Each structure stands twice: as C-alpha cells, then as structure tokens.
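Hello,

Here is the structure for your files, with the sequence. My notes follow below it.

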Amino acid sequence: MTERSEAYEGGRVAPGAQPQEPRPEQPPRWSAHQPQHAQQSSPQSSEQAPRFSQAHGPSQSQSSRPSESAVARQAGPPGQATAAPWFAPPPGRQGPSGVPPQRTTRLPGYPTERPDFEPPPPWARPAARNGVHRAEPGFPQSPADPVGREGVRGRLPRRNVLIVVGVVLVLLAATLGATAGVLATLRWGPALITSEPQAPDDNLGSKGSAFPRPESVANVAKALLPSVVQISVTAAQGRATGSGFVLRDDGYILTNNHVVASAAGGNGIKVTTNDGQEATATVVGRSPAYDLAVIRVKGVRNLKPVALGDSDKVRVGEPVVALGSPLGLAGTVTSGIVSARNRPVTAGGGQSEMSFINALQTDAAINPGNSGGPLVNLRAQVIGVNSAIATISQRSPFSGNEEQGSIGLGFSIPIDQARRTADQIIRTGHAVYPVVGAVVDVNHQGPGARLGEIQPNSAAARAGLQKGDVVKVINGHRVTGADDLIVQIRSHVPGQRVELVYDRGGDEHKVIVTLGQETG
C-alpha cells in the first residue's frame, strides 16, 4: 500500500517542500548478502542509493552507508541529530523526480534488509513523542503474549493474580468452615463441646505382667496370686479381713475404703503376702466417695505390681477371674463372666461414707473378704476392684446371724476410675470427685432425677439449672433415678464438661455443665 505524501517533518507536511517525481513500479534491489561495509566502499552504490533527509530530498554526501544521524536529520536546531523517521525509504531506493516516496515502516531493530521481511501490522505504527518517533505498544495485548508482561497496561502480573485468587479462596474456606461450625452447633447442640478425661499419666502397674493373648484361668491365677495380699484389720469395732493388690514395687497397695476405714487413725493393719511375708501397713489416703483406699508396707521383698487394663474396653460376656481372701481364705480364685456394665451401685454406711459406683457386674463368686481384691481378664490385666455383692433380704434358716455369701451378683469398681483415684492419693494424700452442686431429690420416682436446692456459685447455678428441674439424660445416658444421676456424675472427673437434658415446666432444654469438685 502506498500513500501520497509531501516531504514530512515530524509527521507533518513541511511548508514549501517540493513534491517528488513519481517513480515506476519495479522490484527493489536488496543487498541482503553483501556486507554493509562493502556497500560503503562502492561508488556505484553511492550513486544508486541516494540518502533522503526529512525535508530536502537527496543528499550529496560521498559516503555510501549513511550513519543513523545522517540518514535521519530532523528539522530543528543545527547540529542536533535525531532518530530517523519511520517512513524513510531504505538505501538503494530512489523514486522518480516529482513523485512522493513510498511510505515504509522501518522501525529500529526491524530487519528491513532481509528478503523475507514483512512489515509490522498497522497497530504497530509508532507514535510521535517529543519529536522522536518510537514504536510503543499502544494496543491490546496479543493472546500469544505471556500474562502479566511488563509494559502492558490493564493486566496484572501472573504472580499478583495468583495471590489475589489464593486470598479469595482462603477467605471463602474460612467463611464456609465457620458457617458449618455454627450450623453443626445449632443442629447437634452442646454435645459437640463436651469433654473426655485425660489418659492416665502415672507409674502404676506393670505392663510386663500381662499376657500377649488370653490364657487359661490356671495361668492367670499363677501370674496374679503373687501380687494379691490378705489384709487383716484390728480395731475397736472388732476384727475384719479383706484383700488388696500391689500397684508399685515400693509397697503401695490398693484396696477398698470399707476394709481399712475402722483402722484409718491407727496402726492396726497387717498385710500378708502370698509367700507368707507379714508387715504392718499405714493408710496413705482413702476415698469414701469411690470406696477406695491406698495403704503402704515397708520391708517386704519381691513385691510384684499387677498389670492394669482398660475397663472401657470390657465386653459383656467376657471371661474374668476374681482373686482374694473370702471368709479369711487367702489365695482363693473364682471365675465367671462380665454379666453387665455401668450398673449403679451404692455401698457403705452412713451419709458421709456412702459410695456411688458405676460398677462392672460379674457372676464370679465374690464373698465377704474378697473386697479390695482384683477382677482380671484372661490376659492377667486388672479391670476392676471387687467391692460389693448383692444379697437377698430373707435370711436362710441355715445362716443364722451370719452374712450371706455370693448369689452370683458381684460388683467391681472399674479400674479406670480406681487408677485415677489411686494416683491422686499417692500424689497428694487425698482424692477428689466431681459434683454438679445440686441436691438430688431421692423421693422422686423417675424416670429422671429431680433437682432440689441449687448451691450458690456451683456448677449447676452457673449453668442456669433451677430447683425442680428434672434431669433426663446425661451425655446420652438416660437417667433412671437419683442414684443413677449421682453415679453417672461421679464416673466423670472434676472440670469435665457434660451435657444435661432436663425438663422445666413441660419444656425440654439442653445445657453444658462444667463439673466442680469436692475432696473425699
């Protein structure tokens, strides 16, 4: 494409410029294969390729290769050299006199002297700025250009785009997570924020005493009998016997509170080991709330700690073995199964010594004197502390005034609870138990447990519970009565959060209670 034009000055028609002679259409002659320094030394090429100035036509310079300042001398102050205009014809091209030159697109850096050169598209024409013509990309970015290329306006670099997208995704994920948490809390209620007691962190028991897999009752008895002791108590109330088992090889023994309670203030406790050693024991601490006590003997050799199991993993129907000294008969072994779990049992005498146990029930024969002895599984792991038996109210004509024996309903304190209590006693000399801070009405005939007076500043008061509320569920367990509610509360630990479902005026409510604590 050609365009008729006058001589140009800075992109405009210079006043008074003479029009150029038209030149015939003929193929241009290129010097693509001849070095430029060879062209400079040839007089012929000097005649055939006259130079063009911006406004005055051919130049009479003797040099055949014009320099950049000589080829493009822009109108202006004398001696000031500027860049060549983009429309200047290449050397070797001269049109006829009176014909304006063809408009070309020679830009700095373009290989205009190559035969395969194609002029840039129209959008690549340079724009004039400050009297100098420069090729600037004042056009939209080509799809082939890399995203974020510097110099392209209206586009962000790739890195910035990725950062923005990442921030948006993070904010979106956080919003969705928070929304899901709120919806879940509204749907399932406070049960999502109840807590579980921490795993035991103590040095009680010996893992090496357990079998890798279940064994026979005979092997279990052989492994456990060296760790079981007979306890004899002499007090003003009389003489009693019970059982216990070794927790540590330095003399700590676990038993029932009701076995040693009568001699807690004196030294009337004697311990006899399975190999016949005898020693006097002292009370380290006791917990009437759980019917547990820890005593200690000194000077006894070869004490073998038992292995402690996990009572939460006990299954109904699982075989178990009970060891102890029923009716003063040391080293007695009986066997049976676990016949029930989570059985609410109350034991002890007097309001201050009453124990509430969430017990394991077994049909292994347990008699007076078995109290404080271990209930173990077939891996020789202790899963409970034998504590109570059920009896029938009508006495047998053959029993006289003697206590009745086993009728196949014995109860053991789960070892998970016993372990926590024993560790507290050994560490501090006393034990604590959880409370809700409300009196339970024992005259209410279930289902549920009705609350009486609410203690000020207690866990129940802070949770908004009121007198007359009937607690129906605690952590998913349906409450059957007053004793059941107390047992369920004491199966937790102080500071643990539990969910209570209660009725008030015919309406059902849910609340989270953080259990308080008392010593005992």
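Which strands make up the closed barrel, and with what pairing? The barrel has six strands in the order S5-S6-S7-S10-S9-S8, and the pairing is antiparallel. Two strands count as paired if DSSP finds at least two bridges between them.

Before the rest, the conventions. This is a predicted model, in which local features need pLDDT of at least 70 and side-chain atom pairs count only at pLDDT 80 or more, while totals for chains, interfaces and linings use all residues. Residues are numbered from 1 along each chain as its sequence is written, and side-chain values use heavy atoms, with hydrogens and water left out.

Overall

The chain has nine helices and 25 strands; these are DSSP runs numbered from the N terminus, helices being H or I with at least four residues and strands E with at least two. Of its 520 residues, 41% are buried (buried means under 20% relative accessible area, exposed over 50%, partly exposed in between, with a 1.4 Å probe and protein chains only). Among contacts (heavy atoms within 4.5 Å) with a separation of 6 or more, 61% join residues 24 or more positions apart.

The barrel

S5 (residues 228–235) and S6 (residues 238–246) are antiparallel and share eight bridges; Ile 231 has Gly 242 in S6 as its bridge partner. Helix H7 (residues 415–428) packs on the sheet and touches S7 (252–255), S9 (278–287) and S10 (292–297). The direction of H7 makes about 50 degrees with that of S10 (axes are lines fitted to C-alpha atoms, for helices over the stretch in contact, and angles run from 0 to 180 degrees between N-to-C directions).

S6 and S7 are antiparallel and joined by two bridges, with Phe 245 partnered by Leu 254 in S7. Five residues lie between these strands in their hairpin, where Gly 251 has a positive phi near 105 degrees. On its other pairing, S7 runs antiparallel to S10 over four bridges, and Thr 255 is opposite Ala 293 in S10. S7 is covered on both faces: Tyr 252 and Leu 254 are buried on one side, Ile 253 and Thr 255 on the other.

Helix H9

Helix H9 (residues 482–490) is largely enclosed by the rest of the structure, because seven of its nine residues are buried. Among the buried residues are Asp 484, Gln 488 and Arg 490.

Salt bridges

The whole structure contains eight salt bridges (a side-chain nitrogen of Lys or Arg within 4 Å of a carboxyl oxygen of Asp or Glu). One of them joins Arg 427 and Asp 423 at 2.8 Å, N to O. Both residues are in H7, four residues apart, about one turn of the helix. Arg 427 is exposed at 56% relative accessible area, whereas Asp 423 is buried at 16%.

Arg 450 and Asp 441 meet at 2.7 Å, N to O, and Arg 450 is partly exposed at 32%. Lys 467 and Glu 453 form a salt bridge at 3.0 Å, N to O. Lys 467 sits in the loop between helix H8 (459–463) and strand S21 (470–474), and Glu 453 in strand S20 (residues 449–454), 14 residues apart. A network of salt bridges links Lys 472, Asp 503 and Glu 508.

Regards
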